There are 2 protein chains.
Amino acid sequence: MNVAIVGLGVVGGSLALGLKGNPDYTVYGIDIDAGTLKSAMDMGMICGGSRESQEILPLADVTVLCLYPDVVSRYVEQNAALFKPGSFIMDVTGVKERTVAQVKKVLPPEIDFVFAHPMAGRENRGIAFASGEVLKGANFLLTPVPSNKPENLDLARKLAKDCGFGRITEVTPHEHDRNIAFTSQLSHVIAISLINSDTEEYDTSSFVGDSYRGITRIASINQDLWTQLFFGNKENLLEVIDNFQKQVALMREYIADENEKGLRQLFIKAARRREKLK
Amino acid sequence: MNVAIVGLGVVGGSLALGLKGNPDYTVYGIDIDAGTLKSAMDMGMICGGSRESQEILPLADVTVLCLYPDVVSRYVEQNAALFKPGSFIMDVTGVKERTVAQVKKVLPPEIDFVFAHPMAGRENRGIAFASGEVLKGANFLLTPVPSNKPENLDLARKLAKDCGFGRITEVTPHEHDRNIAFTSQLSHVIAISLINSDTEEYDTSSFVGDSYRGITRIASINQDLWTQLFFGNKENLLEVIDNFQKQVALMREYIADENEKGLRQLFIKAARRREKLK
């Protein structure tokens with residue numbers, strides 16, 4: 001199966017590494033940056049690559065768009081005539097309802113589009129940070145739409161498994177966006193808000209333990225990507241921020257009142273939930 | 001030098017492991033639990049131990065109290081006559097102003113007390129989770145008081161270095177508590193509030209990536225210990241919670257308004273600060 005990966009950044013590069021050496025796949029790369037293509041060739045991620053989509057897309061049985069959310073539908077529109085008839089496209093974006101709606105308007109009828117979200121981001125960007133290892137056992141979300149052919153969904157699942165992903169979950173685009181607002185986007189809002197709330201009265205680095213380091217690890221994010229992700233899932237994100245703020249306010253109240261019983265209940269609830277997550 | 005470690009839980013056990021095999025130290029253990037003492041002997045952490053403080057304390061040049069914050073001064077008071085004259089005591093508690101004030105009232109004049117906070121906690125409790133590895137390169141805070149003898153502060157520093165700690169920082173008890181409220185306690189408030197704000201409408205575990213796992217890693221905490229830590233540093237903790245909530249509210253506003261410029265400024269500030277932390 002010929003796979004074209006469009007955008008060899010940290011996500012596209014990691015997927016390419018995940019498939020590297022697997023005889024079921026012949027992987028090609030498309031990227032606007034010649035240096036990135038050269039790196040991908042040198043690292044054996046791809047067997048061929050080009051800056052020109054028309055050189056690669058007509059060969060591809062699967063085209064994986066590893067592009068920023070706002071660019072996905074535009075890329076499909078601009079290259080509509082180049083996709084191989086009967087092939088399918090996948091994306092990797094972290095917002096789904098908006099992407100599905102945008103793609104629907106421009107997708108050629110003979111091409112299928114399987115919407116996917118491999119949950120294996122990194123805090124760094126670019127091909128240099130690509131890693132097949134981060135995919136191992138990670139969650140992979142599929143958001144099927146009525147127009148999807150079952151065999152293409154099967155191929156997408158196989159591709160995810162072959163890359164090393166663990167649990168593959170199918171959800172509606174709506175469920176996806178609600179959940180991702182909570183598990184991914186809210187975590188980033190928290191990390192950034194925590195580090196930005198440092199009064200810098202002291203040299204914080206002398207006082208940090210693993211807890212602060214762990215929470216703020218994701219505070220350094222790709223601005224372009226995350227602005228699009230946050231705005232593209234605004235309503236859900238605002239709702240989970242509000243839920244979170246209420247919990248912080250409740251805990252603040254119990255601490256202010258030295259309400260030991262209330263505080264212990266919050267501790268117990270959190271511990272029980274964290275256990276389930278393991 | 002004879003070292004008595006009082007309380008062979010995860011912290012006391014880790015310190016004992018940090019000193020294991022070092023010919024400069026002969027380490028004894030005191031614990032209320034016979035099984036814990038046996039484990040410590042079996043693991044070679046201590047060369048002798050007892051449930052009875054009077055059997056060990058008179059031998060000790062340094063007594064390290066690895067006890068809950070609220071118990072520290074009581075232990076000193078109850079065992080005041082047993083400490084070796086000229087020896088010194090250390091603690092490991094995460095709140096300092098209150099501990100210093102409480103100990104001051106009960107400390108025998110011939111005994112010195114060096115207040116310390118090794119920043120190498122674990123999310124689990126008990127000797128089974130003790131690890132010398134977690135000490136390696138970790139921050140160690142010393143909060144000297146005017147009554148401390150310089151040679152005892154030197155010995156405390158040497159002990160920390162020998163255990164493997166990295167940066168050793170001296171601060172006042174007040175500075176300690178202000179900083180710890182931010183770098184440690186607030187992180188725990190956040191982790192617990194995040195996991196407790198889950199509406200549980202879906203099976204969250206299918207949707208989590210490293211970010212959510214990383215933040216909530218510390219959500220399962222020792223209730224007894226953390227109730228004492230939070231209430232023992234209440235004013236500072238409430239202040240940093242308020243600062244944090246303001247930052248979350250600001251970010252929420254920028255997302256609601258799709259204020260791209262404002263959001264990017266928050267991203268840039270956070271990324272710059274995270275870089276400095278490495």
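In the predicted model, strand S7 of chain A is joined to strand S8 (residues 140-142) of chain A by three bridges, and the pairing is antiparallel. Within this arrangement, Ala116(A) stands opposite Leu142(A) of S8(A). The two strands belong to an open sheet of three strands in chain A, ordered S7-S8-S9, in which the pairing is mixed. Strand S7 (116-118) and strand S9 (168-170) of chain A form the edges, each pairing on one side only. From one strand to the next, the twist averages 15°. Helix H6 (residues 150-163) of chain A lies across S7, S8 and S9 of chain A and runs at about 175° to S8(A).

Helix H6 of chain A also takes part in covering helix H1 of chain A; the elements that cover the buried residues of H1(A) include, besides H6, strand S1 (2-6), strand S2 (26-30), helix H2 (34-42) and strand S4 (62-65) of chain A. Helix H1 (residues 10-19) of chain A is mostly covered, with ten of its ten residues buried. Among these buried residues are Val10(A), Val11(A), Leu15(A), Leu17(A) and Leu19(A), together with Gly12(A), Gly13(A) and Gly18(A). Gly21(A), which follows H1(A), has a positive phi, near 85°.

Chain A is divided into domain 1, spanning residues 2-171, and domain 2, spanning residues 175-277. The centres of the two domains of chain A, taken over C-alpha atoms, are separated by 31 Å. Contacts between the domains involve 14 residues of domain 1 of chain A and 16 residues of domain 2 of chain A. On the side of domain 1 of chain A that touches domain 2 of chain A, helix H4 (69-78) and helix H5 (97-106) of chain A are the elements that give two or more residues. The residues on this side of domain 1 of chain A comprise five nonpolar, three polar and six charged.

Between the chains, 74 residues of chain A are in contact with 75 residues of chain B. The side of chain A that touches chain B receives at least two residues from each of helix H7 (173-196), helix H8 (210-216), helix H9 (223-231), helix H10 (234-256) and helix H11 (260-277) of chain A. H7(A) supplies the largest share of this side of chain A, 15 residues. By residue class, the side of chain A that touches chain B divides into 36 nonpolar, 25 polar and 13 charged residues.

Notes. Residues numbered from 1 in each chain as written. Chains lettered and ligands numbered in written order. Predicted model: local features only at pLDDT ≥ 70, side-chain atom pairs only at ≥ 80, totals over all residues. Contact = placed C-beta atoms within 7 Å. Helix = DSSP H or I, 4+ residues; strand = E, 2+ residues; numbered from the N terminus. Nonpolar A, V, L, I, M, F, W, Y, C, P; charged D, E, K, R; others polar. Pairing = 2+ DSSP bridges. Axes fitted to C-alpha atoms, helices over the stretch in contact; angles between N-to-C directions. Domains from an automatic or database assignment. Buried ≥ 20, exposed ≤ 12 C-beta atoms within 10 Å, placed from the backbone.
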